[in-house]
Amino acid sequence: IENISEIEAQTSELRGLPLLEPVTRLFPTREDVIAFVTADLEAQLDDEIAQRELQFYRAFDFIHQDLDLRAVYGDLLGSQVAGFYDPESAEMNVLLLSGDTLGTELPLFESITYAHEFVHALQDQHFDLATFFVEFIETNGEDNVDAAIARQSLVEGDATLVMQEYTLEVVMADPMAAMALLDPELLAAAEIPAGTPFILEIELTFPYLTGMEFVVALREAGGWELVDSAYENPPVSTEQILHPQRYLDGDNPQIVSVENAVDVLDGEWELLFERTLGEFYLRQYLGTQLAQGFLDVAATGWGGDRYQLYYSDNNDERAWIMNLALDTPTDAEEFATSFAQFAGLRMGTADSTESASGATCWTNIDQETLCLQAYSDDGFYLAFAPSLADAEGLIDAQ
């Protein structure tokens with residue numbers, strides 16, 4: 001392919017990283033990618049894991065019905081992936097979306113995708129993505145999804161920024177070339193499949209778009225050298241991705257804990273997992289009810305959290321308890337005010353009750369209950385359960 005070397009040289013210069021050794025280039029068909037995605041999902045998301053993850057999405061109101069999560073993921077990724085880099089095999093894969101056969105030059109769309117994936121190859125050669133990302137996910141992903149998303153946001157935001165700048169250079173050199181990006185078939189191929197839950201869409205795009213804003217902030221503060229150093233000192237929360245200055249200031253999440261309270265729940269329950277929710281998912285949860293302005297006030301003060309999710313298979317019910325820390329007492333006051341509005345909308349009633357231990361609780365017509373209790377000037381327990389007694393019990397157990 002005649003223009004491959006030019007794309008690589010241009011991308012390498014834009015990113016400020018030299019290619020240390022040649023990369024393996026593959027150009028699979030859409031069918032090949034779907035087969036790869038399907039096999040990878042089957043390996044990474046078996047029936048048990050898929051069921052547990054579905055309960056997370058349902059517990060925080062992201063998905064309201066039972067569905068085949070693996071199939072939805074497969075449709076989404078199979079339709080959206082235009083290329084991928086595999087750190088384990090060090091192979092670059094770029095789909096041929098502009099035609100069925102590989103010609104003497106990569107078309108513009110594929111060139112842009114190639115530039116993105118080539119950045120991943122450069123990252124891998126200089127920063128060892130298998131250790132930075134893959135091994136971290138395998139070791140910590142179940143325990144701290146928030147930190148895993150933060151790392152992914154650095155990797156994808158880095159590549160997306162360079163891809164954007166590569167595209168700008170190409171279009172400025174040949175403005176008519178941009179017309180190729182308006183091909184109806186390419187635009188149609190980029191559409192999110194109908195019926196995809198919004199949470200899965202925003203999970204997919206966040207590391208690329210918000211991650212790019214994070215990398216832009218780092219580069220403005222210290223050039224590519226600061227971005228490079230982030231692979232040695234990675235962001236540890238989505239809070240740092242959303243607010244890059246907090247990364248630059250070394251503002252790390254507070255360490256908080258939550259006690260296992262599965263025994264206080266009425267009936268047969270199991271603890272599905274204990275995790276950190278993080279500002280990204282907190283925003284998505286509050287955003288199911290709050291307008292953007294109230295959401296920003298409520299979530300921007302996130303300082304750390306830990307939660308446990310419980311599930312009753314017999315009744316298909318979910319419950320959870322969370323320890324949430326805010327950055328300052330002022331942030332805590334703002335959160336409490338916004339959460340009261342959120343809870344009233346979520347539970348369908350502005351009326352609340354106060355438990356003997358001081359928790360403020362909202363109960364809907366189905367007796368589901370959402371509670372909030374301050375335990376310090378900047379800390380809260382939040383609980384959701386199928387009944388008021390269960391929700392109060394989860395908090396009292398703390």
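Analyst: Start with Asp40, which counts as partly exposed because its relative accessibility is 36%. The scale is this: buried is under 20% relative accessible area, exposed is over 50%, and partly exposed lies in between, with a 1.4 Å probe and protein chains only. The model is predicted, so local features need pLDDT of at least 70, side-chain atom pairs count only at pLDDT 80 or more, and totals for chains, interfaces and linings use all residues. Residues are numbered from 1 along each chain as its sequence is written, and side-chain values use heavy atoms, with hydrogens and water left out.

User: Where is Asp40 found?

Analyst: Asp40 sits in helix H2, residues 30-44. Helices (H or I, at least four residues) and strands (E, at least two) are DSSP runs, numbered from the N terminus.

User: Which residues gather with Asp40 in a patch of negative charge?

Analyst: A patch takes residues with over 30% relative accessible area and no salt bridge; like charges are joined within 9 Å, nonpolar side chains (Val, Leu, Ile, Met, Phe, Trp, Tyr) within 5 Å. Here Glu88, Asp128, Glu135 and Glu138 gather with Asp40 on the surface, and the patch is negative. Asp and Glu count as negative, Lys and Arg as positive; His and the chain ends are not counted. Each charge is placed at NZ of Lys, CZ of Arg, CG of Asp or CD of Glu. The areas come from the Shrake-Rupley method with a 1.4 Å probe, and for residues only the protein chains shown count as cover.

User: How many salt bridges does the structure hold?

Analyst: Side chains of opposite charge can pair when their charged atoms come close. The cut-off for a salt bridge is a side-chain nitrogen of Lys or Arg within 4 Å of a carboxyl oxygen of Asp or Glu. The structure holds 15. One of them joins Arg346 and Asp61, at 2.6 Å from N to O. Arg346 is in helix H14 (residues 329-347) and Asp61 in the loop between helix H3 (47-59) and helix H4 (69-80), so this pair ties together parts 285 residues apart in sequence. Both residues, Arg346 and Asp61, are buried.

User: Which side chains meet Arg246 in salt bridges?

Analyst: Glu239 meets Arg246 at 2.7 Å, N to O. Asp327 meets Arg246 at 3.5 Å, N to O. Asp327 lies in the loop between E6 and H14, and Arg246 in helix H11 (residues 244-248), so the Asp327 pair ties together parts 81 residues apart in sequence. Asp327 counts as partly exposed, at 26% relative accessibility. Arg246 counts as buried, at 18%. Elsewhere, Arg15, Asp158 and Asp228 form one network, joined by salt bridges that share partners.

User: Now the sheets. What is the strand order in the open sheet of seven strands?

Analyst: Strands of a sheet pair through backbone hydrogen bonds, either parallel or antiparallel. Two strands count as paired if DSSP finds at least two bridges between them. In this sheet the order is E4-E5-E6-E10-E9-E8-E7, and the pairing is antiparallel. Strand E4 (270-275) and strand E7 (353-354) are the edges, each pairing on one side only.

User: How many bridges join E6 to E5 and to E10?

Analyst: Strand E5 (residues 302-312) pairs with strand E6 (residues 317-326) over ten bridges, in the antiparallel sense. Leu309 has Trp320 of E6 as its bridge partner, and Gly304 stands opposite Ala325. E5 and E6 form a hairpin with four residues between them, where Asp316 in the turn has a positive phi of about 50°. Strand E10 (residues 379-385) runs antiparallel to E6, joined by six bridges. There, Met322 stands opposite Leu382. E6 is largely enclosed by the rest of the structure, because nine of its ten residues are buried.

User: Which strands pair with E3, and in which sense?

Analyst: Strand E1 (residues 24-26) pairs with strand E3 (residues 91-94) in the parallel sense, over three bridges. Strand E2 (residues 83-86) pairs with E3 in the antiparallel sense, over four bridges. The hairpin of E2 and E3 has four residues between the strands, and Ala90 takes a positive phi near 60°.
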